[in-house]
Amino acid sequence: MTTATHEFTGSGRRHADRLNEPNGGRSDGRGNGQRSSKGPLADPVRVARGLGWFSIGLGLAEIAAPRRIARMIGIDDDDTNRNTLFAYGVREIASGVGILAQKHPVTPVWARVGGDMMDLAFLTRAYGSSSSQKNRVAAAAIAVLGVTVLDVLTGKNLSRARQSEHEEGNGVAPKQGHGVEVRRQITINRPAEEVYRFWRDFENLPQFMEHLESVQSLGDRRSHWKARAPAGTTVEWDAEIIEDRPNELISWRSVDDADVPNTGSVRFVPAPGDRGTEVHVELRYDPPGGTIAAAIAKLFGEEPGQQVRGDLRRLKQVMETGEVVHSDASIHRGMHPAQPSAEPMTEGAQR
Amino acid sequence: MKANCWMGKRKLEVRDVPDPKILNSRDAIIRVTSTAICGSDLHIYNGFIPTMEKGDILGHEFMGEVVETGSAVKNLKTGDRVVVPFTISCGACSMCQRDLWSLCENSNPNAAIAETLMGHSPAGLFGYSHMLGGFAGGQAEFARVPFADVGPLKVPAGIPDEQVLFLSDIFPTGYMGAEMCNIRQGDVIAVWGCGPVGQFAIASAKLLGAERVIAIDRFPYRLQMAADKAGATETINYEEESVLERLLELTGGRGPDACIDAVGLEAHGPAAIYAYDRAKQALMLETDRPIALREAIIACRPGGTVSVIGVYGGLVDKFPLGALMNKSLTIRTGQTHMHRYMRPLLERIERGEIDPSFVITHRMKLEDAPKGFETFVHKRENCEKVVLSA
């Protein structure tokens, strides 16, 4: 995540807005989590930073030396465990970077809690395995539990710090809850008109937005959206376009009582050097179950930023090559070796 | 069909797997007639490439006959004989259009993993981990080739497989290694590693007009091949003499004008340095052993070029950045931009300027792929290059 992205995160902007108010420089020291409460966790942002670096260190270790880690925590040094450790390593690094890149890393810290749950689930399974070294697995589980407690406390403190910031804010905060905000960009080697036109027909969106089942146009500015939600459920809502500047910008929001209230916008900016069009997407939604549910979902591959990034990559593939690109492994949900599969590919099997 | 599957570190099995199918309209299915084992396959074999899964079909050097094409493939028809580049490229993104084919922005469906590790993802590759796409490889009876309207090169019937097969990777890779040296008249080029890619780097440096090419390795038979077949003017066995001293001696104290690292992340070297890096790898303090690359940087003449075509995967330790900066060196590197080189190099083969089959030492059946890996990795029977046929 770049510094530029950082400046535009919700909390960063709110902070900046507040500074522009006449009394912006209030001296109560809030906002950066420097609250006056006592105790070792008094500054949750600092603790979070520590957790961030811890994540990166552990992640690097899991990637660089899965074998050694496997031995250390008493599990089999087999390919499955090594691959799992590698995936966990990537997850740790991503969560560490997430924490360090944000001013108020509420979501990434809760994501760590979700990660702890995954680790514990993994270790529980390993404990049950006949070939594991039970005392080492148990020691590892206790260590993870300790970190989990710290993660939860830090997450709670950060959430509280941000809540109070919301309350004293100036109305930029979304109507309900904190919401999840995602910004992602991609450059597509096609003219802005073409990309705009494709996106403006919302019925095209499910072609590249993996979670969308369908979008149905309901006339001029309204549309009906149906999306796959975690755990096999679906959510539906109606949306309306709030702004439509041809070849430049489209923004929309859910209307009425949407299950998942959301807003979104996409900007189309000509890329310098004859490189097509920069597509800047911004989404904000209030997930059912709030931030914690979102953070846990994130750990199981439902991370919204990654999701949008993947969606944009598929949009680019569709615009530039005519279709979403598949590999022998990518057509399957979950793990599948890179070899052809016996079953014919069905629409639903595609990611 | 039969396919050579990775079943774990140093564990391969030729298994029966389903035949490939068209998944995208720009795909073609190829009946593989010849395929080869690449030195970079050995990194997978030895467990240095992450995100492999049991059952992954290996192989990224292959050629064969088109048996089926997707609806959008207009330039190929059933029966065409083609060589397939190991990098998968769409031809439509700005990287492909800038002739940077191995950086194709659309061909890796699993780009997210690569982005986490490297910031951005390179192109998808055949049979080279899930991080690089999860594409089944070509050490099989049949292979699915995405973007078949862009990648595969048609070859005329008159030339045997063995002369054109290496257009799939190692000849263009060695050639790009030499081209990146920006060779001028009178230049002396040193090449670390006399595996197949090193041999082609040496041969290409000669083709591109190098005055002298110095080959460095530790296996006498490989140095012999470099001198006899590839055209190296001098050879250095690093187990017998100091590479740095010998290079100074051969260049009047200047150092080579350009150095090519055709070794990569599993380098060997003098016992103490090798032990140091191997220990670092084991202790998770580095993922790659840059022994050859370090030496190339130290050896290179001030203002010269270091061309890196050996494969690296992650992080290295004790990288002589000071030498790089203070000697104004240029580092050039990359996965091969295959599509740039295949046709011109085919023309060189057709004109008789080079016969790439000189590197082949072992010919086997696809069923014997595991034995081929075994022979290659241990350099048994003076193994240089193994070609598998269907």
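In the predicted model, seven strands of chain A form an open antiparallel sheet in the order E1-E7-E6-E5-E4-E3-E2; strands (E, at least two residues) and helices (H or I, at least four) are DSSP runs numbered from the N terminus, and two strands pair if DSSP finds at least two bridges between them. Strand E1 (180-188) and strand E2 (212-217) of chain A stand at the edges with a single partner strand each, so one side of each has no neighbour in the sheet. From one strand to the next, the twist averages 20°. Residues are numbered from 1 along each chain as its sequence is written, and chains are lettered from A in the order in which they are written. Local features need pLDDT of at least 70, side-chain atom pairs count only at pLDDT 80 or more, and totals for chains, interfaces and linings use all residues.

Strand E4 (residues 234-245) and strand E5 (residues 249-254) of chain A pair in the antiparallel sense over six bridges. Arg245(A) has Leu249(A), in E5(A), as its bridge partner.

The contact between the chains takes 39 residues from chain A and 43 residues from chain B, two residues being in contact if their C-beta atoms, placed from the backbone, lie within 7 Å. Helix H3 (44-64), helix H5 (79-101) and helix H10 (304-321) of chain A each supply at least two residues of the side that touches chain B. The largest share of that side, eight residues, comes from H10(A).

Chain B contains 13 helices and 18 strands. Its C-alpha atoms fill a box of roughly 60 × 50 × 45 Å, taken along the principal axes.

Terms used
Axes fitted to C-alpha atoms, helices over the stretch in contact; angles between N-to-C directions.
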